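Student: I would like to learn how to read the features of a model such as this one, going slowly and with the criteria spelled out. Could we look at it together?

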Amino acid sequence: MNYDFKQIEKKWQAHWAKYQTFKTDSLESSQSGAVSKQKYYVLSMFPYPSGAGLHVGHPLGYIAGDIYARYKRHKGFNVLHPMGYDSFGLPAEQYAIQTGQHPAITTETNIKRYREQLDRLGFSFDWSREVRTSNPDYYKWTQWIFIQLFNSWYNKDANKAQGMDSLIAIFEKEGNKNVNAACDDDVVIFSAEEWKGYPQKEKEEVLLKYRLTYLADAEVNWCPALGTVLANDEIVNGVSERGGHPVIRKKMTQWMMRITAYAQRLLDGLDTIDWPQPLKDSQTNWIGRSEGASVKFKVLSPNVQADHKDHSHGTQKSGSFIEVFTTRPDTIFGVSFMTLAPEHELVAKITTPEQKAEVEAYIQATAKRSERDRMADVKTISGAFTGAYAEHPFTKEPIPIWIGDYVLAGYGTGAVMSVPCGDQRDYDFAKHFNIPIPNIFKGVDITAEAFADKDKTIIANSDFLNGLSYKKAVKRAIFELEKIGQGKGKVNYRLRDAVFSRQRYWGEPFPVYYDVHGMPKMLDQKHLPLELPEVDKYLPTETGEPPLGNAKAWHWLQYGDEGNIVSEAEFANSSPEGRLGGPLELNTMPGWAGSSQYFNRYMDPHNKEVIYAKEAVDYWQDVDLYIGGSEHATGHLLYSRFWQKFLFDRGIAPKDEFAKKLINQGMITGTSALVYRVSGTNTYVSFGLKNDYEVEELRIDVNLVNASDEVDITELKQWQPDYKEAEFILEDGKYIVGREVEKMSKRWFNVVNPDAICEEYGADSLRLYEMFLGPLEQSKPWNTAGITGVHSFLRKLWRLYHTGENGTFYVSDSPSSEGLGGSLKTLHKTIKKVEDDIENFSFNTSVSTFMICVNELTSQKCTSRSILEPLVILISPYAPHIAEELWEKLGHGTSISDAPFPKFEEKYLVESSKEYPISFNGKMRFTMELPLDMSREQIEDAVMANEKTQAQLAGRTPKKVIVVPGKIVNIVG
RNA sequence: GCGGAUGUGGUGGAACUGGUAGACACGCUAGACUUAGGAUCUAGUGCCGCGAGGUGUGCAGGUUCGAUUCCUGUCAUCCGCACCA
């Protein structure tokens with residue numbers, strides 16, 4: 001009987017679906033003992049269902065996760081292994097704009113295709129827990145979390161998020177002078193009395209400055225081609241990540257997420273999770289913590305009125321001071337000028353009439369340059385003098401104030417104290433504009449370049465800092481600055497608050513309407529979800545409003561508990577008596593909203609009352625193993641950690657990190673096939689002969705090429721019309737292609753589809769092969785040719801169980817009838833190796849281990865049930881279909897997925913002798929079999945007595961003989 | 001520029017905490033079986049050499065009885081971040 005993988009795989013996929021084999025024990029059935037089992041949560045990042053379907057690179061992480069999930073199940077864990085779809089997103093919307101097809105329909109079609117492809121691979125997903133971010137039952141809770149964020153502020157003293165009611169209580173009691181919150185920069189100090197006297201609208205405006213999600217006029221990255229704003233992580237090299245369109249800076253009122261409140265905790269949390277170091281480094285870099293001091297410089301410009309109102313928190317840009325952030329307060333006596341970003345708000349105020357024209361021209365010129373130009377061109381030095389001066393806090397000397405585009409408005413305070421002797425950019429700027437470069441470093445020559453080596457720094461020419469090292473000088477400088485009230489130690493972060501609005505249709509609507517004062521109001525939970533309205537077209541409105549502006553009815557109208565979505569006219573005609581509501585928010589949430597909470601929702605995905613039952617999250621806690629691509633390092637994975645910390649603070653989630661361990665699967669690249677066309681002809685020359693001609697390289701479909709890089713010319717001629725009449729110059733009667741490893745993409749004709757592989761070799765072969773390719777985390781090229789290796793392994797495995805007459809199934813039940821010694825050893829070394837490998841996520845090596853095991857058992861002619869039964873369990877996480885089939889043939893009535901993992905027993909591996917490698921000066925020359933219980937001396941004697949040793953020595957006397965019992969013998973001399 | 005990862009046969013890759021480099025596969029060579037082979041089986045296959053032997057883990061050093069593994073320097077490729085004060 002042959003290994004009929006098609007029939008077997010179909011059979012078991014249907015069986016698993018019918019009997020819901022992989023449905024996780026839910027808590028409702030907990031009395032039956034689910035909770036008594038230890039939980040294990042394996043999660044693969046859910047996909048965006050694109051129209052192109054899956055290629056062989058996509059399932060890599062899913063297969064690894066599936067193997068681990070199945071393994072944990074064999075080990076007796078209650079395993080949660082769900083899958084779903086990140087189904088809001090741009091491509092479906094772009095398609096809708098082009099065709100008018102509702103994105104929901106496109107999305108549904110794509111999901112169906114994904115599901116079919118996934119089902120063919122035999123994953124042990126619990127599909128009953130599927131979530132889709134675009135499903136109202138799901139995004140209801142995304143909206144709900146948004147409301148929780150709106151209703152929270154970050155208390156820096158408690159170092160956690162708290163409800164707004166606690167903040168209001170403080171305001172009513174003592175105003176905000178003692179409030180230490182993560183908030184906007186421009187909050188003013190008020191007393192309890194002042195607060196109570198504020199009209200409602202002003203109160204709300206103040207509160208908005210404290211909320212964790214808030215409306216703000218922000219400089220955003222506007223992408224005109226996509227008609228939307230983009231987050232920093234959605235921009236690559238100054239153009240949109242998706243589509244590569246230009247991005248410009250623009251001021252817009254947007255919903256923002258106060259992720260900066262969590263900057264330090266996001267950094268600290270990295271130490272508590274087992275994530276790849278490069279990914280942690282990326283996040284660390286993105287958060288960009290730097291320690292230093294903020295320093296205030298008094299502006300000596302007559303145009304600026306002294307403003308003595310004391311602001312005890314927030315950064316102070318306006319008034320009579322320029323505040324800067326510096327990591328080198330020790331160099332404060334080296335300041336010879338100040339530089340402001342051209343966008344800095346003080347620029348207009350301080351510029352003298354004489355300099356006005358020059359400054360304005362410069363500002364205009366920089367505004368014109370796109371972000372991309374500015375980034376591409378970092379060498380050109382440009383700037384302008386404002387004519388104004390600031391006062392040095394210690395020397396009281398006047399310092400000229402310049403503007404320059406090397407100072408970024410978005411970092412720090414948008415102003416720097418320029419120390420040309422200690423910073424190369426300041427140095428270059430000073431050189432370029434002939435500004436003095438005072439030297440404040442002892443024994444350092446700065447005629448050629450700035451000196452920035454902190455470790456070798458000794459300060460000079462700096463009053464009280466003279467003779468101090470970097471570390472001591474920093475401390476002293478901060479101390480002195482604090483003494484005169486012009487500075488303090490400060491930690492600065494590169495991380496910015498995240499823009500949360502998108503001018504798009506296919507995303508979560510904000511559960512927000514605007515009241516008569518234009519202030520945002522949240523819908524009640526009982527009115528959620530606020531579902532996406534139907535629109536005629538998915539483009540912005542004529543007045544430039546987001547697509548939701550096209551909705552016929554998009555006003556909220558509420559009396560008492562009753563609320564509805566109505567048209568503008570209907571709202572206008574309704575009675576104002578007791579009326580709540582107003583126009584609904586026209587923006588939608590960004591792509592990362594839904595994916596920032598899905599891992600928790602899987603724990604209790606159908607709950608209608610609450611986001612998830614407490615018992616469910618208390619049991620499942622967090623993700624034990626999360627697998628996905630490293631491209632999400634600073635997007636999804638940072639935002640998710642932020643939301644999780646927030647949910648933890650508010651008592652909604654039990655853990656403040658959502659995933660204990662994370663693995664990045666590497667990319668599978670394509671191996672493109674190249675043919676060589678002789679220039680100007682329709683003749684193609686084989687790879688080996690191409691150097692004799694002038695040729696162009698063209699890519700052909702990799703599916704036309706076999707394992708030996710030969711092209712099937714008949715098929716090629718039919719593939720594309722260009723080749724129909726083509727001539728081919730062959731070598732040895734064959735046409736050989738060239739190979740190039742590059743990203744798997746339709747345009748290179750190197751995409752390999754998993755369906756085709758399943759069709760030809762089966763899902764088990766595909767699963768094994770993807771693992772066999774190499775270490776999970778590394779990127780590696782796909783070459784379909786190699787799959788024959790694992791496929792014939794599965795056939796050998798099958799034959800091992802079919803040694804009966806005419807290849808029928810046969811296992812022997814009486815272990816005594818045959819010598820099991822060798823087979824037991826083979827089995828147990830396999831158990832040990834495979835178990836170690838899985839625990840270390842080294843799936844590629846366990847595939848080789850299986851091959852070795854089956855080769856050995858085959859040559860041992862092993863037919864014993866006591867060997868073959870445990871073996872099939874070992875293999876089942878990797879190749880579940882064939883394992884189920886053999887398991888059934890072995891006489892079992894229940895799924896192999898619940899069978900306990902075989903127990904490794906050391907006793908079968910105990911050896912009495914060892915094949916010692918005998919080395920001479922470190923080079924192995926021959927081996928000698930010796931008993932393991934021999935002493936060092938006995939081994940040395942035995943080796944020296946050997947004639948081969950004497951032959952190697954050729955009469956010399958060894959200087960030294962190194963004997964490591966059980967390992968090696970090395971003879972030196 | 002800064003940070004990170006990776007360099008081992010023709011190819012994918014293996015080698016546990018320093019101890020037989022190239023496991024396991026693909027490909028290739030030869031042979032067997034076969035009407036046929038993109039099926040199956042057997043043997044071989046790092047490189048140089050007929051051979052004994054030599055040589056070999058990007059390159060150059062170092063530590064060690066012994067280094068793919070540890071240290072120093074260097075080169076290449078890939079991936080982040082990039083005027084971050």
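Student: At what angle do helix α22 and α23 pack, and how far apart are their axes?

Tutor: First, some ground rules: this is a predicted model, in which local features need pLDDT of at least 70 and side-chain atom pairs count only at pLDDT 80 or more, while totals for chains, interfaces and linings use all residues. Residues are numbered from 1 along each chain as its sequence is written, chains are lettered from A and ligands numbered from 1 in the order in which they are written, and side-chain values use heavy atoms, with hydrogens and water left out. Helices (H or I, at least four residues) and strands (E, at least two) are DSSP runs, numbered from the N terminus. Axes are lines fitted to C-alpha atoms, for helices over the stretch in contact, and angles run from 0 to 180 degrees between N-to-C directions. On that basis helix α22 (residues 754–761) packs against α23 at an angle of about 115°, and their axes lie 7 Å apart.

Student: Which residues of α22 and α23 meet there?

Tutor: A contact means heavy atoms within 4.5 Å. From α22 come Pro-754, Ile-757, Cys-758 and Tyr-761, and from α23 come Ala-763, Ser-765 and Leu-766. Six of the residues in this contact are nonpolar, one is polar and none is charged, where Ala, Val, Leu, Ile, Met, Phe, Trp, Tyr, Cys and Pro count as nonpolar, Asp, Glu, Lys and Arg as charged, and the others, Gly among them, as polar.

Student: How many residues of helix α28 are buried, and what covers them?

Tutor: Buried means under 20% relative accessible area, exposed over 50%, and partly exposed in between (1.4 Å probe, protein chains only). In helix α28 (residues 880–889), eight of the 10 residues are buried, among them His-881, Glu-884, Glu-885 and Trp-887. Their cover includes α1 (5–19), α2 (59–74), α23 (763–772), α24 (787–800) and α27 (865–875). Just after α28, Gly-891 takes a positive phi of about 100°. For chain A as a whole, 53% of the 973 residues count as buried.

Student: Where is Arg-265, and is it buried or exposed?

Tutor: Arg-265 lies in helix α9 (residues 263–269) and counts as buried, because its relative accessibility is 12%. Leaving aside residues up to four places away in sequence, Arg-265 touches Tyr-154, Asn-159, Lys-160, Arg-641, Lys-645, Phe-648, Asp-649 and Asp-656.

Student: How should I read salt bridges, and how many are counted here?

Tutor: Side chains of opposite charge can pair when their charged atoms come close. The criterion is a side-chain nitrogen of Lys or Arg within 4 Å of a carboxyl oxygen of Asp or Glu, and by this rule the count comes to 51 salt bridges. One of them joins Arg-73 to Asp-898, with the closest N and O atoms 3.6 Å apart. This pair links distant parts of the chain, since Arg-73 is in helix α2 and Asp-898 in the loop between α28 and β32 (913–920), 825 residues apart. Arg-73 is buried at 13% relative accessible area, whereas Asp-898 is partly exposed at 48%.

Student: Which residue forms a salt bridge with Arg-120?

Tutor: Arg-120 forms a salt bridge with Glu-759, the closest N and O atoms being 3.2 Å apart. Arg-120 lies in the loop between α4 (103–119) and α5 (136–150) and Glu-759 in helix α22, so the pair ties together parts that are 639 residues apart in sequence.

Student: Where does the backbone take a positive phi or a cis peptide bond?

Tutor: Most residues other than glycine have a negative phi, and most peptide bonds are trans. Here Phe-749, which is not a glycine, has a positive phi of about 55° and is placed in the loop between β30 (738–742) and α22. Lys-861 also has a positive phi, near 55°, and is found in the loop between α26 (843–859) and α27. Lys-861 counts as exposed, because its relative accessibility is 67%. The peptide bond from Leu-528 to Pro-529 is cis, with omega near -5°, and Pro-529 sits in the loop between β20 (520–522) and β21 (553–559).
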